[in-house]
Amino acid sequence: MAKQPDYLKPYLAASKLHGASFPTLLWASRDTQEARFGAFADALDLDGVSLLDVGCGRGDLLGFLHARDVR
């Protein structure tokens, strides 16, 4: 198995501890994540836009935007 980059070590350790769940993302809280998403949604008109959400966890942005009726 190839050596994992050092920057992944905290995430790998969190994954072993928490599995595929929110704490593995190492974000401060779900509230701070939603505040960041809200900043995007408030600053940009995302309705009808194609947006690629990759490398940031579980794809929670999609659910957040759908809850705000952004399609």
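What is the volume of the second largest pocket? The tour returns to that question after a brief orientation.

**Orientation**

The structure in the viewer is a predicted model. Colour the chain by pLDDT to begin: the average is 86, and 96% of the residues score at least 70. Among the elements of the chain, helix α1, residues 9-18, has the highest mean pLDDT, at 91. The lowest mean among these elements belongs to α2, with a value of 87. Where pLDDT is low, coordinates from a prediction should not be read in detail.

**Stop 1: the second largest pocket**

Select Leu46, Val49, Leu51, Asp53, Leu61, Leu62, Leu65, His66, Val70 and Arg71, which line the second largest pocket. The volume of this pocket is about 190 Å³. Colouring the lining by residue class gives seven nonpolar residues, one polar residue and two charged residues. Keep Arg71, one of the lining residues, in view for the next stop.

**Stop 2: Arg71 and Asp69**

Display the side chains of Arg71 and Asp69, which form a salt bridge with the closest N and O atoms 3.9 Å apart. Are these two partners buried or exposed? Asp69 is exposed, because its relative accessible area is 60%. Arg71 is likewise exposed, with a relative accessible area of 54%. Asp69 also deserves a look at its backbone: its phi is near 60°, a positive value in a residue other than glycine. The residue is located in the segment after α3.

**Stop 3: Arg68 and Asp42**

Next, select Arg68 and Asp42. Their side chains meet in a salt bridge, with an N to O distance of 2.9 Å. This pair links distant parts of the chain, the two residues being 26 residues apart. Arg68 is in the segment after α3 (60-67), whereas Asp42 belongs to helix α2, residues 30-43. Asp42 is exposed, with a relative accessible area of 62%.

**Stop 4: Asp6 and Lys9**

Move to Asp6 and Lys9, which form a salt bridge whose closest N and O atoms are 3.0 Å apart. Taken over the whole model, the number of salt bridges is four.

**Stop 5: the loop between α1 and α2**

Ala28 is found in the loop between α1 and α2. Is Ala28 buried or exposed? Ala28 is exposed, with 70% relative accessibility.

Finally, select Thr24, which is also placed in the loop between α1 and α2. Thr24 is buried, because its relative accessible area of 13% is under 20%. What does the side chain of Thr24 reach? Show the backbone atoms of Gly19: the side chain of Thr24 reaches the backbone oxygen of Gly19 at 2.5 Å.

How values were computed: Residues numbered from 1 in each chain as written. Predicted model: local features only at pLDDT ≥ 70, side-chain atom pairs only at ≥ 80, totals over all residues. Heavy atoms only, no water. 1 Å grid on protein atoms, 1.4 Å probe; cavity = no way out; pocket = protein on both sides within 12 Å on 5 of 7 lines; lining within 4 Å. Points joined across faces, edges and corners; volume = space filled by probe spheres on them. Nonpolar A, V, L, I, M, F, W, Y, C, P; charged D, E, K, R; others polar. Helix = DSSP H or I, 4+ residues; strand = E, 2+ residues; numbered from the N terminus. Buried < 20%, exposed > 50% of the residue type's maximum accessible area, 1.4 Å probe, protein only. pLDDT = per-residue confidence, 0-100. Polar contact = N/O pair within 3.5 Å; in protein donor to acceptor, adjacent residues only side chain to side chain.
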